[in-house]
Amino acid sequence: MRLVFNPLPPANGGRSANRPVPLDRPVLFFGRHPDCDVSPLGSAKVSRRHCCVAEASGRVRVRDLGSLNGTWVNDRPVRREAPLVPGDVLRVGDVGYRLERLETVQDGSQSGVVSIAPTAAPPAQEAGAESSSDVVPI
């Protein structure tokens, strides 16, 4: 199943400056840091390394990386991590995205896809982080 994060309009109205983000790799990092895969535009409320989204075994999860302004799924704060399914709204600080299935048009091309250039290695996971059998490693 191919998925994409489609940007939502900003709370103050108008069009979002952000572009659709395909979930085209096992882990996507969101934040202002140059090493992040996705840098939401138009907000000072996004931390340098805000959150990451991981897809493994057909499941998608988001993990907050200690952001100051929080990561939210469907208006609920993500304390550590939370599952994501198509239709969910992910808020990174005050920037919103809806997770949707990627649609293919009749000629076989994909709609709403923006390629993301490879980045440097992702930030290392914090030492001593908890683990659980129902937590997908990120």
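Visitor: How do strand β1 and strand β10 pair, and over how many bridges?

Guide: Bear in mind that this is a predicted model. In it, strand β1, residues 3-7, and strand β10, residues 95-101, pair in the antiparallel sense, with five bridges between them.

Visitor: Which residue in β10 is the bridge partner of Phe 5?

Guide: The partner of Phe 5 there is Leu 99.

Visitor: And how does β9 pair with β10?

Guide: β9 and β10 are also antiparallel, joined over four bridges, and one of the residues involved is Val 89, whose bridge partner in β10 is Arg 98. The two strands form a hairpin with two residues between them, and Gly 93 in the turn has a positive phi of about 65 degrees.

Visitor: Back to Phe 5 then, is it buried or exposed?

Guide: Phe 5 has a relative accessible area of 0%, so it is buried, the limit for that being under 20%.

Visitor: How many aromatic pairs does the structure hold?

Guide: There are three aromatic pairs in the structure. In one of them, the ring centres of Phe 5 and Phe 30 are 5.8 Å apart and the planes stand at 85 degrees, so this pair is edge-to-face. It links distant parts of the chain, since Phe 5 is in strand β1 while Phe 30 is in strand β3 (residues 27-30), 25 residues apart. Phe 30 counts as buried, at 0% relative accessibility.

Visitor: What sort of pair do Phe 5 and Tyr 97 form?

Guide: Phe 5 and Tyr 97 form an edge-to-face pair, with 6.4 Å from centre to centre and 80 degrees between the planes. This pair, too, links distant parts of the chain, with Phe 5 in strand β1 and Tyr 97 in strand β10, 92 residues apart. Both Phe 5 and Tyr 97 are buried, and ring pairs link Phe 5, Phe 30 and Tyr 97 into a cluster.

Visitor: Which residues of the largest nonpolar core touch the most other members?

Guide: That core has 21 residues, and those touching the most other members are Phe 5, Phe 30, Val 53, Val 62, Leu 84 and Leu 90. At least two core residues come from each of β1, β3, β4 (51-56), β5 (59-64), β8 (81-84), β9 and β10, and β10 gives the most, with three.

Visitor: What is Leu 90 in contact with?

Guide: Leaving aside its neighbours within four places in sequence, Leu 90 is in contact with several residues, including Phe 5, Phe 30, Val 53, Val 62 and Tyr 97.

Visitor: New topic: what is the strand order in the open sheet of four strands?

Guide: The order is β3-β4-β5-β8, and the pairing is antiparallel. β3 and β8 stand at the edges with a single partner strand each, so one side of each has no neighbour in the sheet. From one strand to the next, the twist averages 20 degrees. Within this sheet, β4 and β5 are joined by six bridges, and the bridge partner of Cys 52 in β5 is Arg 63.

Visitor: Last one, where does Arg 91 lie, and what does it touch?

Guide: Arg 91 lies in strand β9, residues 89-92, and counts as partly exposed at 28% relative accessibility. Not counting residues up to four places away in sequence, Arg 91 touches Leu 8, Gly 70, Thr 71, Trp 72, Asp 75 and Gly 96. The C-alpha atoms of Arg 91 and Asn 74 are separated by 8.0 Å, and these two residues are 17 residues apart along the chain.

Notes
Residues are numbered from 1 along each chain as its sequence is written. This is a predicted model: local features need pLDDT of at least 70, side-chain atom pairs count only at pLDDT 80 or more; totals for chains, interfaces and linings use all residues. Side-chain values use heavy atoms; hydrogens and water are left out. Buried means under 20% relative accessible area, exposed over 50%, partly exposed in between (1.4 Å probe, protein chains only). Contact means heavy atoms within 4.5 Å. Two strands pair if DSSP finds at least two bridges between them. Rings of Phe, Tyr and Trp (its six-membered ring) pair if their centres lie within 6.5 Å; planes under 30 degrees apart count as stacked, over 60 as edge-to-face and the rest as tilted. A nonpolar core is a set of buried Ala, Val, Leu, Ile, Met, Phe, Trp, Tyr and Cys residues joined through side-chain atoms within 4.5 Å. Axes are lines fitted to C-alpha atoms, for helices over the stretch in contact, and angles run from 0 to 180 degrees between N-to-C directions.
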